[in-house]
Structures are given as C-alpha cells and as structure tokens.
Amino acid sequence: MAENSKSFWRSGWLWAGLVVLGLVVYPQLVSRYYIVLSTEVVILALLATSYNLIFGYGGMVSFGHAAFFGLGAYAMALLTKNYGYPMLVGLLAAPVVAAACAFVIGWFCMRTIRLYFALLSLAFAQLLYVIVFQWYEFTGGSDGIQGVPRPEILGSYASYYYFGLAITLICMVLMWFIVNSPFGWSLRAIRENTQRSQFLGINDRFYKLIAFTIAGAFAGVAGGLYAQFQKWADPELLFWTTSANPVLMSILGGMFNFVGPSVGAVAFVALREIIKVRTDYWPLVLGVVLLTLVLVLPGGIVGFVVEKARPLISGEKGESQAP
Amino acid sequence: MMLLQIENLMKAFGGFQATDGVDLSVEKGSLRSLIGPNGAGKTTLFNQITGYLVPDSGRVVFKGEEITGLHPYEISRKGITRAFQIINIFPRLTVLESVQLAILAKRGDTLKCFAPAKRMVWDEAMAVLETVGLAERATALARELSHGDQRVLELALALAGEPELLLLDEPMAGMSPFERVKVTELIQKIHQDRGVTVLFCEHDMDVVFGISEKVTVLHQGRVIAEGPPEEIKRNEEVHMVYLGQSEAM
C-alpha cells in the first residue's frame, strides 16, 4: 500500500519530467509564430490552473478572476515602465498586489455562496475594471500602458518563452504541493460537503478565503508575465470576458484534475487559432464545442483520458486521480 | 465527573417548541442512549450540542466550559464529534483520505500548505479503518461504498476526530440485521477500548436496552424519564408515549 503510492509518486514525476523536456526542446523545432503562441498558452495555463484552485478544488464559481490577472499586469507595467523599477520588483509586486486585493474581495464574497458568490465576484472585478478604465492619469485609461520593458536578455521570442515557462513551472510545482497538502484536501472536502467539513473541525469560510487569496496571487504572476509578454497592459485584461477564459479552459480540460486547466489552455488557444482563420465567429464555434464537451465529456479532456486509461494502467480504483 | 451538562435548553421553530427545557447530564466514560418517538427533538438536541443550531436559551457545558453557540468546527476540535442520521460523507474523497483528513483536522494540521497529506497520519487512519472494518476498502471512493459501508464510514469519520464524546444519530438506520449486530459490537468496542463516552439515539429497542447503561426518554421536547434500561421498560409514562408506536416496547 505505502509502496504502491510511492511508485505512483515516482511515475508521476517521470511523466511530468517528460512533458517538461518536451516543452523545453519543442521551440527549437518550430517557427516564431508557434513560439509566440506557446508563450501565450504557458501564461494562460498558469492563469487557468490558479483559477482551478478555487473552481475545481474549492468548488467556488468565481466570474471575477480577471481582476487579479489584470492587477498583476498593471503592477508589472506601472512599476517597470512608469517608475523604472527592475523587472524582478514587478514580478514580485504582481502577486502581492493581486493577493491583497483578492483577500479584500474574498472577505466580502465569502459571505455568499453559489450564484451570489459568482455575481459578487463579477461585480467586484467590473468595479476594478471601471476604475482602471477611468483613472487616466495613473493607469492610462483605455490606452493602457504601452511599451512595458523587458530586460535585454529576454528580448527574443524564444528567451521570453523559456522565462515564462520557468516561472510558470515554479508556480505549478508550488500549486501542486498545495493541492496535495492537508490544506488542499480540506478544500476538496469543503467542496464535497461543507457541512460535514465543519463538523470535522474545519473553518470553511476561512479556508476558502485563503484559497481565494492564493489563487489571486498566482493569477497576479500570470498577469505580470502577460503584460511583459505583449509589452502592454490594457483594461481589457480585467474585463469580464477575460474572466470567462479560465472558466472555459478548466471545463474544457477537466476541472477535477491538476493538469486539466493546462490542457484546456492548449485546446482553447488551438481552437481559437484554427477557427479564427476560417471565420470571424470563433466564439460561436467555441460555444458549440464547449456545449458538446460538457454534455459528452463532463470530466473534460483529461477526465475522459484518465477514465479510459485507468483500466489499462492498473485495476486499482480511486488511488490515482481522485480530485 | 460530568463530561457534558445541558441545562434548560430551549429551541423553537416558529411556533413549534422542538426542545422545551431539556436538562441532561452525561457522565464521563458512560454509554448512554436517547429515545423518543419521531419528532421528539432528538436530532434538534444533537444539533444544538454540536453547534449546528444555536439554542434560544439554556446552556451546554462540556468539560466545565460553556460551549453554547460556538461554531461546529470549534466544538468538534474541543472533543465532541458526531455521526449523522443521514449519510453525510465526502463522495469524491477516498475512504482513507476522508479519515486522514478527519484526524488532521482534529489535530489542527489542515492549514499546512506544503506537506504531503497522503503520507500524514497514515498509520492512525488505517488503525481507525481496521477498528471499523473498512481497511479493505481504503482506496475506494466514498461514493462507491455500499449503503451499509457508507454508514460505517460515517462512524469512522466521527471516530477519527479522536472524540471524548461521540454522538451517534440513529447509527442503525437502514441497516440489515447482520450489519446491526456488527455496528452494535463496534459501538461497544469503541466505548470499551478507546474509553470514549457515547451518547446515541436509536429506534431499535433491542440495541437500546441491550447496550445502554442509562436511557433518557424524550417526548415533545422534554425529558420524561431517565434511568437504567430495566427501569425505563417498566415506566408507565414511557409506555403511554410509545403506545401504538410500532414494535417499540
């Protein structure tokens, strides 16, 4: 039993190692277009995974995650472009600003559940969007902040891809530890049965607030990277349509699996690129794809693969990927 | 020494007085039962002891400390855990994970963010599963268990919280005769081996009179009789209350 879980542990790291190796080698083999696209995917995967901490693991449907993404982007842009701080300061400030804001917003939102929680998170995010949009002197209003600098060493497309990949992987490892810790299990328990978790001695509201704050912090990192990646922070990053993206990616890839949202990010961007060339109505096509997926594959892409692969790998049930 | 003392507890829902001045004292180390017809206020009483409902008035004192109106998670950490009348588990957690989590929560370790939960309190959790007889199903998801096993898991969750006082709300509900015998033995084992004080309510009178040291009878939110099983069996008022109530006496 203990041996069993250990060998799974090892094979899990083996798979992760192979994927990372692939991510490192692959840009050497493709054109610049794909490198840029991959950089975006990597950053969006980080955003989606951070969102899934509260969505898949915590069972909280928030429609305001873009707020923390956008705040991270503006923290990076303002500090490096307008105030001339080095990139590292921006990259550290992004999660701090986003987490602080997530804590305050979360504190209010935790008073509500389900639909009310979703609407309140949406309202707060839209509020921040309006502030950023209107506050011309500080945020540049609708123009945003253009020309976010990058250090010389990260000037090329490939080097920024590797930088984004490295930061994302570090964040992913941290989040992986969190979801597999007693805290992560508590979140799952709260999602599964809030009342029962209270009777076990878990203060559910406090745990959810902590999770919301952590998710905000990682979204802030993603935002900071994104601002540097597109060399521009704009109010759109906080808009509610941006909030929808991590929700869609999590559902597409599978919200009950750690790598689900990342796979969802790949699928999301791939779909967008494929469809965009052929029609202007790509959100419509995406909607149809999503609808089909939710109906046919309720566990998302990864959920489906795990379900099909489980009998092939071993007869053991439940051990591997109980979310 | 009294482990739990309830004094003049009142709770009304609208015009309905669910708990109408209940006094109850539970001695440390005892095995007690609570009976009464449906709607007598048994579950409401449990809900008030464990903090799910706040009483309108009256006091709940545990180990000399007033706990009236505290949150369920606070009361649970003080040493009162509970198994529910309806199945109340974590469907997509494995049996082992659920029990590990219950132990971690009791010990105040659930805020640890970077420790691998899988390898924590593994021995302790397996010991609990051995005690209740679920060790073989450790890696199954809770929702995959049979109804009877889910009830046992319910009990394991309460037990894993390392309680001093264990409240069991109709632990036999919906169980087969064979499972009833198993759970009855289990309750006695928990009481004797672990020295846990147990208060349970149950409709199965064979179990109630078979294992209780003392029986408390609740009717319309009031305690109408209390004493050893033999005494309760002869009590006229109790007979009146249960008259026409199925196979009760």
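1. Helix H1 (residues 42-49) of chain B lies across E1, E2 and strand E4 (57-62) of chain B. The helix runs at about 65° to E2(B). Bear in mind that this is a predicted model.

2. The sheet under discussion here is open and has four strands, in the order E2-E1-E4-E5 (chain B). Its pairing is antiparallel. Strand E2 (16-27) and strand E5 (65-66) of chain B are at the edges. Each has a single partner strand, so one side of each is left without a neighbour in the sheet.

3. Now the pairings, strand by strand. Strand E1 (residues 2-13) of chain B pairs with E2(B) over nine bridges, in the antiparallel sense. Ala12(B) has Gln17(B), in E2(B), as its bridge partner. E1(B) also pairs with E4(B), again antiparallel, over five bridges. There, Glu7(B) has Arg59(B) of E4(B) as its bridge partner.

4. E4(B) and E5(B) are joined by two bridges in the antiparallel sense. Phe62(B) stands opposite Glu65(B) in E5(B). The hairpin of these strands has two residues between them. Lys63(B) takes a positive phi near 50° in this hairpin. That backbone angle may be worth a look in the viewer.

5. A second open sheet has six strands, ordered E6-E7-E8-E3-E9-E10 (chain B). Here the pairing is mixed. Strand E6 (80-83) and strand E10 (222-227) of chain B are the edge strands, and each pairs on one side only. From one strand to the next, the twist averages 20°.

6. At the E10 end, strand E9 (residues 214-219) of chain B pairs with E10(B) in the antiparallel sense over five bridges. Leu218(B) stands opposite Val223(B) in E10(B).

7. Overall form of chain B. The secondary structure comes to nine helices and 10 strands. With 249 residues, a compact globule would have a radius of gyration near 18 Å; chain B has 18 Å, so the two agree. Its C-alpha atoms fill a box of roughly 55 × 40 × 35 Å along the principal axes. Of the 249 residues, 45% count as buried. Among contacts between residues at least 6 apart in sequence, 65% join residues at least 24 apart.

8. Which residues touch the most other members of the largest nonpolar core? They are Ala98(A), Ala215(A), Phe218(A), Ala222(A), Val99(B), Leu129(B) and Ala156(B), out of 166 residues. Helix H10 (residues 204-229) of chain A supplies the largest share of this core, 14 residues. Leaving aside residues up to four places away in sequence, Ala156(B) touches Val99(B), Val128(B), Leu129(B), Val132(B) and Leu134(B).

9. The contact between the chains involves 36 residues of chain B and 29 residues of chain A. On the side of chain B that touches chain A, helix H2 (72-78) and helix H3 (95-106) of chain B each supply at least two residues. H3(B) gives the most, with six residues. This side of chain B divides into 21 nonpolar, seven polar and eight charged residues.

Key
Residues numbered from 1 in each chain as written. Chains lettered and ligands numbered in written order. Predicted model: local features only at pLDDT ≥ 70, side-chain atom pairs only at ≥ 80, totals over all residues. Core = buried A, V, L, I, M, F, W, Y, C linked by C-beta atoms within 7 Å. Buried ≥ 20, exposed ≤ 12 C-beta atoms within 10 Å, placed from the backbone. Contact = placed C-beta atoms within 7 Å. Nonpolar A, V, L, I, M, F, W, Y, C, P; charged D, E, K, R; others polar. Rg over C-alpha atoms; globule rule 2.2 N^0.38 Å. Pairing = 2+ DSSP bridges. Axes fitted to C-alpha atoms, helices over the stretch in contact; angles between N-to-C directions.
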